[in-house]
Amino acid sequence: MVQKYQSPVRVYKHPFELVMAAYERRFPTCHLIPMFVASDVTSEEKSDDNSTHKIERRCKLDVDAPRLLKRIAGVDYVYFIQKNSLNRRERTLHIESHNETFSNRVIIHELCCYSVHPENEDWTCFEQSASLDIKSFFGFESTVEKIAMKQYANSIKKGKEIIEYYLRELEEEGITHVPRWSASPASPVKAVLPVSRPVLPTTPAITIVPPAESSKETLGVKESSSSPVGSPSEALSATPDDKLDADYINRYLGDLTPFQESCLIRLRSWLQETHKGKIPKDQHILRFLRARDFNMDKAREILCQSLTWRKQHQVDYLLDTWTSPQVLHDYYTGGWHHHDRDGRPLYILRLGQMDTKGLVRALGEESLLRHVLSINEEGLRRCEENTKVFGRPISCWTCLVDLEGLNMRHLWRPGVKALLRIIEVVEANYPETLGRLLILRAPRVFPVLWTLVSPFIDENTRKKFLIYAGNDYQGPGGLVDYIDKEIIPDFLGGECMCEVPEGGLVPKSLYRTPEELENDDIRLWTETIYQSASVFKGAPHELLIEIIDASSVITWDFDVCKGDVVFNIYHSKRAPQPPKKDPLAAHGITSPGGNNVQLIDKSWQLGQDYSMVESPLTCKEGESVQGSHVTRWPGFYILQWKFHSMPACATTNLPRVDDVLATLQVSSHKCKVMYYTEVLGSEDFRGSMTSLESSHSGFSQLSAATTSSSQSQSSSMISR
């Protein structure tokens, strides 16, 4: 498996020329890097006007590896080839390096780039990307991978410190300014300086395989980009807004290891490609990475599921649209109360005083869930505020649960069921938001409740629980270790007045019938502008839109929740036959494709009965697609989502291995999409997705201020 690393943008607050002077002092050897033993120049070339300087070095490294491993490998030192390309005119330095030793067994490829800061020409940016591919190594592949990653992480961490060290050294020598290059007719001509290459030890030669280069694929008006790792000239191809600054990470996200930084940047880049303009904030992405111990694939899976859930239920606008019923204001015994010693927002829940049975009977499960979700959304907002107030990253909150009064009535079965559902939803969509849970005055019945709920709580979350029985919280190691004495609530023996309601029994006059609660739950659960559909192999899902006025604008916004689909738009002058009713539905049996509608009759011929008005768009699982089509003629337009089958190899009838594996990943040849469409008049369409109501699906509370909509073309626009 290929290990990849992508660094954040590291900024030196010094001019490019001065940073280059400091960089050159690292050669031929550097005492700050003990394993960097020596380096020899093997070739050097300068342009006539001295604007470009290319140099190749052979670097000798003493890798910190077990002596037994070195004896088995038969080497004491590892050699790398480093190629530097300095452009003084453009003020850039591109560095490409690869391993020479064991190049037939291990492929290490690194790209670095120094360039001028886009907003301050007196500052310098540095970026770095690398890949490690271990083919075989005498049965020690795992050990070599760990050693390589450890050495690389250490060198990354020290890289900026070394440049800063030499910058200080230059300053001590009185060198605080290096003039920029300028074209001069009198500049001496620099000839190519051939340097004889030293005799190398016998190591097998190999062609270095670089990581996948960034590419753009054009299909009609479709555009997408891929991995940021490419040729040296592509190292800074993205716009500055798309990149993370190392100082920003330290200020707002915390102290991350190079591996963690790389995971964040790569997952963020993937989201930018698949969720154009609608990516969550970095703090939110980081929470999902932490929840899966920075396993990229697992974090991406649960994050995409959560983003789809947020979009479907309009969670981003919950704080603006959700109004808590009065019974919650009066009887829900929870509320925000200052912050703990670490600056985390503090939420207090007097669970023992809460009438859970009364709240469930009066409100229903869904209303309680909506209220808890609004609390979590408010917690995210407060974390951002406290990050600004305290000047350090705060990404989670502390919850204090007072169990005084907890008894067997709290173990009412429907109440426990509602609690377990709330825990399940919160665990799935708000990971790593709970920094610490303080459980106070736990009674004897608490172990019973804990046995019921603990299996539904993530192990990492359970480690954050601190449980105090009786008045143990008042002594050393208790509440005062985590909360300032001045803000301990009065009902816990403190002096601070707490505005959390005291609760009490919910009057039975507020209870609602089971039928009313069920109808209300269904209304809240299905309250969304989006529709879901299933797409099967041989059974696409189709949506009919009738257009009366030409030059109307059909807009769409859909997510591919499962599998890969092909999106098409067709036009027909005659209306298709309405979909046949499911014969099983009359008997109360739901067919497997209950939300699958097919409109195009099998007898219709493309080009005669209907025509394609957009080039097909292939959409991968997890992608979010928005677009619009300006209609040219009145009539009937059909939006189609079709199952995407992987094509077989062109030179043979046999399918490729990758095709077979991809097919197996889609169980029962079924895909799922969630979509919303809207028809606008041309005078109401402003030429971008901001005019579409469904653009509200953007993660407003979670997303950074990114924009990716492009101007509508004369006929159509598809963006993602």
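A residue counts as buried when its relative accessible area is under 20%. In this predicted model, Tyr114 has a relative accessible area of 2%, so Tyr114 is buried. Phe126 has 9% relative accessibility and therefore also counts as buried.

## Aromatic pairs

Searching the whole structure gives 19 aromatic pairs. One of them joins Tyr114 and Phe126. The ring centres of Tyr114 and Phe126 are 4.6 Å apart, and the planes make an angle of 40 degrees. The pair is classed as tilted.

## Charges over rings

Elsewhere, Arg251 places its charged end over the ring of Tyr252. The distance to the centre of the Tyr252 ring is 4.5 Å.

## Helices α4 and α6

Tyr252 also takes part in a helix contact. Helix α4 covers residues 246-253, and helix α6 covers residues 282-291. Their axes come within 11 Å. The crossing angle is roughly 75 degrees. Angles of 65 to 115 degrees count as roughly perpendicular, and α4 and α6 are therefore roughly perpendicular to each other.

Which residues meet in this contact? From α4 come Tyr248, Tyr252 and Leu253. From α6 come Asp282, Gln283, Leu286 and Arg290. The residues of the contact divide into four nonpolar, one polar and two charged.

## Trp181 in its loop

Trp181 is placed in the loop between α3 (141-172) and α4. Is Trp181 buried or exposed? Its relative accessibility is 19%, and the cut-off for buried is under 20%. Trp181 therefore counts as buried.

Leaving out residues up to four places away in sequence, Trp181 touches Asp49, Asn50, Ser51, Arg88 and Arg89. Trp181 and Glu17 are 164 residues apart in sequence. In space, their C-alpha atoms are 8.7 Å apart.

Notes. Residues are numbered from 1 along each chain as its sequence is written. This is a predicted model: local features need pLDDT of at least 70, side-chain atom pairs count only at pLDDT 80 or more; totals for chains, interfaces and linings use all residues. Side-chain values use heavy atoms; hydrogens and water are left out. Rings of Phe, Tyr and Trp (its six-membered ring) pair if their centres lie within 6.5 Å; planes under 30 degrees apart count as stacked, over 60 as edge-to-face and the rest as tilted. Buried means under 20% relative accessible area, exposed over 50%, partly exposed in between (1.4 Å probe, protein chains only). A charge sits over a ring if NZ of Lys or CZ of Arg is within 6 Å of the ring centre and within 35 degrees of the ring normal. Axes are lines fitted to C-alpha atoms, for helices over the stretch in contact, and angles run from 0 to 180 degrees between N-to-C directions. Helices (H or I, at least four residues) and strands (E, at least two) are DSSP runs, numbered from the N terminus. Angles under 35 degrees count as roughly parallel, over 145 as roughly antiparallel, 65 to 115 as roughly perpendicular and the rest as oblique. Contact means heavy atoms within 4.5 Å. Ala, Val, Leu, Ile, Met, Phe, Trp, Tyr, Cys and Pro count as nonpolar, Asp, Glu, Lys and Arg as charged, and the others, Gly among them, as polar.
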